[in-house]
Amino acid sequence: MGSNRPFNEECFSNQSDNGALLMGDERESDQDLRLIRLFNHYRHDWMNEIQLIFGYVKLRKYDKLESLMQTIKVKVQRESNISKLGVPELIVYIFSVQAEVKELKLEVEMEHEIHLNELSIDCKELTRLLIAVIEVFKEHAVVHHEHENGLLLKLTQTVGKLTIDGHYPCDKTGNQLLPALERVGLQSVMNMTWKTNQWDGHSIGVSIELLLNI
């Protein structure tokens, strides 16, 4: 039996479905291209490290190898910890900022693996919050061309608490960061303790504490 819907309604429905499929395909294609760019970035990055090692060996500068290998070890551990955070959107975002934003050097530090998806917190809201915080620093760095400065985010999980500390060295323009960061904290729906600090006009800090149910 044929459809009871008017012809125009059926055509419109089909067009809408096709449009949704096309938009979905475009989003998937964009995500694929983003992952390819990330892969190429890290492949190039690691090739540089390997060439540096080979260069020291070829020149018999063995005394420099220990320091280089220690640096690589720390780098590998940090990347491993990020990849195991358990929230794909946040993981891809962090790696994307590290690979693509030249004005901001983002470092994420953890003493051990933290699996956010296994904690008693709203991972989606935490992801929104952290992305918003990083975006504030990124926009400031882009506007003021502070490519020499970096944002260090340190995640610490202790019994009953997750702490995220951010540290960003900056010049006198840093006072513009505080209101933007405060807005991020006020807009978040998370139950948290939020603090921002500025030291001598040369450094901005943000601290986020989340209680965990055991």
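Q: Which residues lie nearest the centre of the largest pocket?
A: This is a predicted model, in which local features need pLDDT of at least 70, side-chain atom pairs count only at pLDDT 80 or more, and totals for chains, interfaces and linings use all residues. Residues are numbered from 1 along each chain as its sequence is written, and side-chain values use heavy atoms, without hydrogens and water. A pocket is an open set of points on a 1 Å grid over the protein atoms alone, with protein on both sides within 12 Å along at least five of seven lines, and lining residues have an atom within 4 Å of a point. The lining of the largest pocket comprises 19 residues, and nearest its centre are Asp 45, Lys 75, Lys 105, Leu 106 and Glu 107.

Q: Which element gives the most to the lining of the largest pocket?
A: Two or more lining residues come from each of α1 (7–58), α2 (65–83), α3 (88–100) and β1 (105–110); helices (H or I, at least four residues) and strands (E, at least two) are DSSP runs, numbered from the N terminus. With 6 residues, the element that gives the most is α2.

Q: How far apart are the end C-alpha atoms of helix α4?
A: Helix α4 has 22 residues (residues 123–144). The expected span is 1.5 Å times one less than the number of residues. For α4 this should be 32 Å, which agrees with the distance between its end C-alpha atoms, 32 Å.

Notes:
On a 1 Å grid over the protein atoms alone, a cavity is a set of points where a 1.4 Å probe fits but cannot get out, and a pocket is an open set with protein on both sides within 12 Å along at least five of seven lines; lining residues have an atom within 4 Å of a point.
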